[in-house]
Amino acid sequence: MSHEFELHHELSVEASPEQVWQAIATGPGIDSWFMGRTQVEEGVIRTAFGGYAPDNTVTAWEPGKRLAATSEPADDGRFVAYEFLIEGRAASSTVVRVVTSGFLPGDDWETEFEAMSTGLALFYATLAEYLTHFAGRTAVPVTAHGPADFDDLRTTLGRPATGDTLTLTPPGQPPTEGVVYFTNSQTIGIRTRDAMYRFVNGFGGGTFAQHHLFTPGADPDEADRAWTAWMADHTS
């Protein structure tokens, strides 16, 4: 079996259309809320996550208004496409409508679709948090993988709900207070003064940390190594 899908998200943010465009159409902007590390070149958006680095061809480019891109269909027909529609409102507020569509092949498409749906909900919530609390700042993206299942980490963090405050101790740093800005069955997002920390249930097992550090001078490779060790200590 296989499945064609289309998901709709709408964000209302206290940011200008120009700030939204910088966040969705530049490498540093995308690095500050999505996943992995992204390069935006003429006609192509490339995001490297682990060993996966697909090219997404830009199909619409209207600065401040509309951005669309799609991956090339694989041999089995798999592809994902994104479209962002930006509408400026009064008092420097903006509505962002996002349509994510594509095709998932195989008999296990439902499991993959659930992981994609819950992950995208976190990513777009993170985009809203970035535009609300960190607009104009650039983050260092962090990717780390822990061995245990996501529920173990949720328990370690106190099984938080959206809106809760909690104390997190990042590697090599003192304890810091954060706000849980989003959580669902497979994700947790925590905002502190200088970071957004995200934990995601791994589709193939284990748990991923997908963080954004706004501390000046943060070293991405060192941060990846430190959080990989943190994940091993806190989820084994």
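How many residues of domain 1 are in contact with how many residues of domain 2? In this predicted model, 23 residues of domain 1 are in contact with 26 of domain 2, where contact means heavy atoms within 4.5 Å. Before I go on, local features here need pLDDT of at least 70 and side-chain atom pairs count only at pLDDT 80 or more, while totals for chains, interfaces and linings use all residues. Residues are numbered from 1 along each chain as its sequence is written, and side-chain values use heavy atoms, with hydrogens and water left out.

The two domains, residues 3-134 and 140-234, have bounds that come from an automatic or database domain assignment, and their C-alpha centres lie 21 Å apart. Between them they bury about 1900 Å², with 66% of that on carbon and sulfur atoms; buried area is the accessible area (1.4 Å probe) that two parts lose on being put together, summed over both. On the side of domain 1, Arg37, Leu122 and Phe134 lose the most area to domain 2, together 33% of what that side buries.

Turning to the polar side, there are 12 residue pairs in polar contact between the domains, both residues at pLDDT 80 or more. A polar contact is a pair of N or O atoms within 3.5 Å; within protein, one must be able to donate a hydrogen and the other to accept it, and residues adjacent in sequence count only if both atoms are side-chain atoms. The domains also share 3 salt bridges, each a side-chain nitrogen of Lys or Arg within 4 Å of a carboxyl oxygen of Asp or Glu. Helix H3, residues 109-133, gives the most to the side of domain 1 that touches domain 2, with 14 residues; helices are DSSP runs of H or I with at least four residues, strands are runs of E with at least two, and both are numbered from the N terminus.

Let me stay with glutamate 129, which sits in helix H3. Its side chain meets that of arginine 191 in a salt bridge, 2.7 Å from N to O. At 14% relative accessibility glutamate 129 counts as buried, a word that means under 20% relative accessible area, with exposed over 50% and partly exposed in between (1.4 Å probe, protein chains only). Leaving aside neighbours within four places in sequence, glutamate 129 is in contact with Phe134, Tyr181, Arg191 and Met196.

Finally, histidine 211, in strand E13, is buried at a relative accessible area of 0%, and a polar atom of its side chain lies 2.9 Å from the backbone nitrogen of arginine 198.
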